[in-house]
Amino acid sequence: MEPRRDAVLRELGEAWDEVEEAEEDRRAALRALEDDCLALYGAKVAQVRHHAARLRAEADAARAELDALRAAIGHDDPRDTVRSSGSRRSLREQLRVVASELEDMRRRRDERRRELADVTVLIDRLKQEMRPTEPLHVDADGNDLTMKRLQDLRAQLRHLQSEKENRIKKMAELRDSLHASSSVLGMEPAETTTSLQEAGAGGDISDGALARLESESERLRETKRGRMQRLQDLVVAMLELWSLMDTPAEEQSRFQGVACNVAASEDEITEPGALSAEAIGEVEAEVARLEGLKGRRMKDLLARKRGELREIQRRARIVSAVAEEEEDDGEEMLVLDDDGEAVAERTLVLARLDTQISEARDEEISRKDVLERMERWQAALEEETWLEEYSRNENRYNVGKGTHLVLKRAEKARALVSKMPAMAESLTAKVVAWEKERGAKFVYDGEGLLDMLQEYDNTRKEKEQERKRQRDQRRQQGQSTMESPVARALPKSIKNVTRTLSMGGGKKMVVSSSSSALSSSRPTTPSYLKSALSSRRSDDGLSPDSFE
């Protein structure tokens, strides 16, 4: 540039020399030319500076937009290429870098918007399917394009999808329940279809359709429960009447399928038509038939119930005056006509008999332990009585057929009799405990069992005293015999008097009558014990009477 300027000034000087331009004019022209150049330079500098300012403003705007996009999509890049290298790059280069990053960020923003829009559309669609009354999704903050918001929307979408799947499954279960209940109730297919249509059995999974299905399903289940309770009540009544009437098995077989449902739960009754109006009507008709038959056969039922009550009381050794009075009332009622009033009265008597039978069974169960001990004690008492008769026989040791059997029985009887005080004590303790628990007196065949045991104890003590007195008397007689060298003559009352003892097989043993004379003074067995043992002795081949 300097050579060109020097050449131009040299040409200008030569031109001035040629025209002989004055020096002052030359200086003025040069100053004017310099001012023009400076003005031109200044204008150019201003233009360049304006352009630089525009570039800087564009770069700042691009950076601001870039920052906004980064904040919107949640992009936190610690490396700021523009700012970190701004001091080393020109404005144009910085603008190119910012424009490149801005373009990439705009692309990512658009992509994020599409993702958010897609998720939002799916959410709105699912909400519209399940909850059509709720408003559609409204974007409260359209500038929020962060990944967190996208993840929240995706989580909401997954929740709605899971809810939809569960709802579809639940509605399928409800429809199956509707079909099953309709089948069990014996509803016509048209009725079932109508119920499903009213409940919304199509592809509708809205809250309203679900509520209608639940309501319809609950209505049918309630109907099912009501009919099931009605049927079970009828079946229970029918079973009781069958038992009372001794209904043959072939007549019962027609209702065996229904009778099996008497203890079934609601979900266990699945047979089609099991709770239909026709099935319940058949059972009602059978119960009505049995009720009518029951009225005609009430006499036989009363007699059988009284026999059952007497048998239970016999086993439990109970004597009930109330039962005898009611039996007399029942006998009077049997002569009444078979009108409605008589049947009703017999029904009341039958109900009282059932109550008495139930109470008697409970009483029998509570008395079982005492009765078993009482039976064992009576068996031991029988052996004691037999042993006393056997011990008074002076010829018991004579050899004969069957003697070893008698000796063996005597040995067993002695062992059993030795346990009788402990058995009586244990039995007494049981009776006392029973009376304390029940708050009543233990009556055995009309008499107090504790009184009977006390009487036995007194009798046993009297026998012991009598045996002691006889031993003392025999001891005194023995001493008198040893003092006298000549044996005294036997009393006339016991001389040459004998009895025979039957040992079985036709053989008899001779028994001196002196033993009979001695036995006449022993205490006798109480009458209540003899009556209790009479039935057992009749079955024994070696009864006390066999000694006669």
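Lys305 is found in helix α11 (residues 298-315); helices (H or I, at least four residues) and strands (E, at least two) are DSSP runs, numbered from the N terminus. With a relative accessible area of 12%, Lys305 is buried. Here, buried means under 20% relative accessible area, exposed over 50%, and partly exposed in between (1.4 Å probe, protein chains only). Leaving aside neighbours within four places in sequence, Lys305 is in contact with Leu244, Leu350, Leu353, Asp354 and Ile357, where contact means heavy atoms within 4.5 Å.

## Basis and confidence of the model

This is a predicted model, in which local features need pLDDT of at least 70 and side-chain atom pairs count only at pLDDT 80 or more, while totals for chains, interfaces and linings use all residues. Residues are numbered from 1 along each chain as its sequence is written, and side-chain values use heavy atoms, with hydrogens and water left out.

The pLDDT is the predictor's confidence in each residue, from 0 to 100. The mean pLDDT of the protein is 76, and 76% of its residues reach 70 or more. Confidence is highest in α5, at 90, and lowest in strand β3 (residues 498-502), at a mean of 32. Over residues 332-340 the pLDDT stays under 50, and the model has 13 contacts beyond four places in sequence for them.

## Salt bridges between helices

Side chains of opposite charge can pair when their charged atoms come close. A salt bridge is a side-chain nitrogen of Lys or Arg within 4 Å of a carboxyl oxygen of Asp or Glu, and a search of the whole structure finds 45 salt bridges. In one of them, Arg70 pairs with Glu101, the closest N and O atoms being 3.1 Å apart. This pair links distant parts of the chain, with Arg70 in helix α2 (residues 23-73) and Glu101 in helix α4 (residues 91-130), 31 residues apart. Both Arg70 and Glu101 are buried.

Lys170 and Glu214 also meet in a salt bridge (2.7 Å, N to O). Lys170 lies in helix α5 (residues 147-184) and Glu214 in helix α7 (residues 207-245), 44 residues apart. Lys170 is partly exposed, at 36% relative accessibility, and Glu214 is partly exposed, at 31%. A further salt bridge joins Arg289 and Glu251, with the closest N and O atoms 3.6 Å apart. Arg289 belongs to helix α10 (residues 277-296) and Glu251 to helix α8 (residues 249-252), 38 residues apart.

Helix α15 (residues 420-438) has 19 residues, which at 1.5 Å a residue should span 27 Å; its end C-alpha atoms are 26 Å apart, which agrees. The expected span is 1.5 Å times one less than the number of residues. The buried residues of α15 are Met420, Ala424, Leu427, Val431, Trp434 and Glu435. They cover an arc of only 95° around the axis, so they are on the same side of α15; the arc is that of the directions from the helix axis to the C-beta atoms.

An α-helix has 3.6 residues a turn, so residues three or four places apart point the same way. On the other side of α15, Glu425, Lys436 and Glu437 are exposed. After α15 comes Gly439, whose phi is positive, near 70°.
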